[in-house]
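I set aside this page for notes on one chain, taken down in the order in which I looked things up.

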Amino acid sequence: QLLIPMEADMIRSLILLGPIAGSVLFIALLIFFKNSILFKIGLVTGLFAMFLAIITSLVSDLGTVHYTWAIPAAIVALTVAFKYLGTVVRNPLDDIKDVFNYLQTGDIRSANRLDRDSKDEFGDISESANKLIDGFSNMAAFAQEIGRGNLDAEYKVLGEKDILGNSLLDMQNSLRLAREEEAKRKLEDEKHFWTNEGFAKFGEILRNNNEDNAEFYYSIISNLVKYVGANQGGLFLINDEDEHDKHIELVAMYAYERRKYTKKRIEFGETLVGQCVLEGESIYMTELPNNYIRVTSGLGDANPTSLILVPLRFNEQVYGVIELAAFSEFGPYKKKFIEKLGESIAST
């Protein structure tokens, strides 16, 4: 009987100090647990304890028998507290759990980004989860582009320790190198096939040498211009019928899909054709001024960007010159082919 009034007085004192205690509690939690879920949990727990103290004090004035009213009041307060904690704790946890459940099964499309702007731990976890979703989505998109053959697709790794992302980039580089090597190999095969086919083609032309030299010469130069992709060409032979009047003669010319019957005489050492005959070496030029060929070459009035002259040499003797002009450069394999073919023509 003596303890009940003492307890009631103590509880009344706590009630009077309730606002002060609540303020102190709020400030303490704010200082120690700012931007933390512990702030919300501590605040709810403290307010629940204060609410129980208030209810207990009020019913104590009515007698011990009315303490039973504190039980349903406490249950209601506890329910409200748990409901609040469920909102701020359980719901975010469920959303985060769903996201990671989708991610662990690889179902990136079902893993929706978390829309939480809170500054507590759940906000940090949500932001990390969103970054993870975006990262996996970018990886998936990048891998799909690689699968489609787009080896130039761009991808930004998540960080220096992004093992999966760096592995994808390594795979991309490996596939890109393999593609380049395959392209080089295919190009070399095409060049090799082109060269062999050309030798076979011109071998047939040279074997079919007939008595009509003009047609034979024209067949050689016209087919050669077309085969190497030149724009025009000329076949020059040394005319030594008169020992006292040796000179170089244009025996066939082919240009712009038209057959020209231009007759031209060139002296030894004159123009590039005469120079090629005297030196017995190929001449290749890619930087030609305007009208350069018209002035210095035997072909006349063309303005190509590249020019090649190959001596028709066999057993160290020069029999003539092949001159080809084009608006594109002759590749090394084409130059080698023309030089080798020049030996066959000279032999014939």
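I began at N315, which I found in the loop between strand 6 and strand 7; strands here are DSSP runs of E with at least two residues, helices are runs of H or I with at least four, and both are numbered from the N terminus. N315 has a positive phi of about 55 degrees although it is not a glycine. I noted that N315 counts as exposed because its relative accessibility is 62%, the classes being buried under 20% relative accessible area, exposed over 50% and partly exposed in between, with a 1.4 Å probe and protein chains only.

Before going on I wrote down the conditions: the model is predicted, local features need pLDDT of at least 70, side-chain atom pairs count only at pLDDT 80 or more, and totals for chains, interfaces and linings use all residues. Residues are numbered from 1 along each chain as its sequence is written, and side-chain values use heavy atoms, with hydrogens and water left out.

I then looked up T271, another non-glycine residue with a positive phi, here about 60 degrees. T271 lies in helix 8, residues 271-279, and is partly exposed at a relative accessible area of 24%.

Leaving aside neighbours within four places in sequence, I found Q172 in contact with F142, I146, L151, D152 and A153, where contact means heavy atoms within 4.5 Å.

I turned to the packing of helix 6 (residues 163-207) against helix 7 (residues 213-228), whose axes are 10 Å apart at an angle of about 170 degrees. Axes are lines fitted to C-alpha atoms, for helices over the stretch in contact, and the angles run from 0 to 180 degrees between N-to-C directions. The two helices, helix 6 and helix 7, are therefore roughly antiparallel, a label for angles over 145 degrees. On the helix 6 side I listed W194, E197, G198, K201, F202, I205 and L206, which meet F216, S219, I220, N223, L224, Y227 and V228 in helix 7. By class, this contact of helix 6 with helix 7 has nine nonpolar, three polar and two charged residues.

What does helix 7 meet in helix 10? I220, L224, Y227 and V228 in helix 7 meet K334, F337, I338, L341 and I345 in helix 10, and the residues of this contact divide into eight nonpolar, no polar and one charged. The axes of helix 7 and helix 10 come within 12 Å and cross at roughly 165 degrees, and the pair is therefore roughly antiparallel.

Last I looked at the nonpolar cores, each a set of buried Ala, Val, Leu, Ile, Met, Phe, Trp, Tyr and Cys residues joined through side-chain atoms within 4.5 Å. The largest has 30 residues, of which V228, L324 and F337 touch the most other members. Among the elements that give two or more residues to this core are helix 6, strand 1 (232-239), strand 7 (317-326) and helix 10 (332-347), while helix 7 gives the largest share, nine residues. Apart from neighbours within four places in sequence, F337 is in contact with W194, T195, G198, F199, F202, L224, Y227 and V228.

Methods: Angles under 35 degrees count as roughly parallel, over 145 as roughly antiparallel, 65 to 115 as roughly perpendicular and the rest as oblique. Ala, Val, Leu, Ile, Met, Phe, Trp, Tyr, Cys and Pro count as nonpolar, Asp, Glu, Lys and Arg as charged, and the others, Gly among them, as polar.
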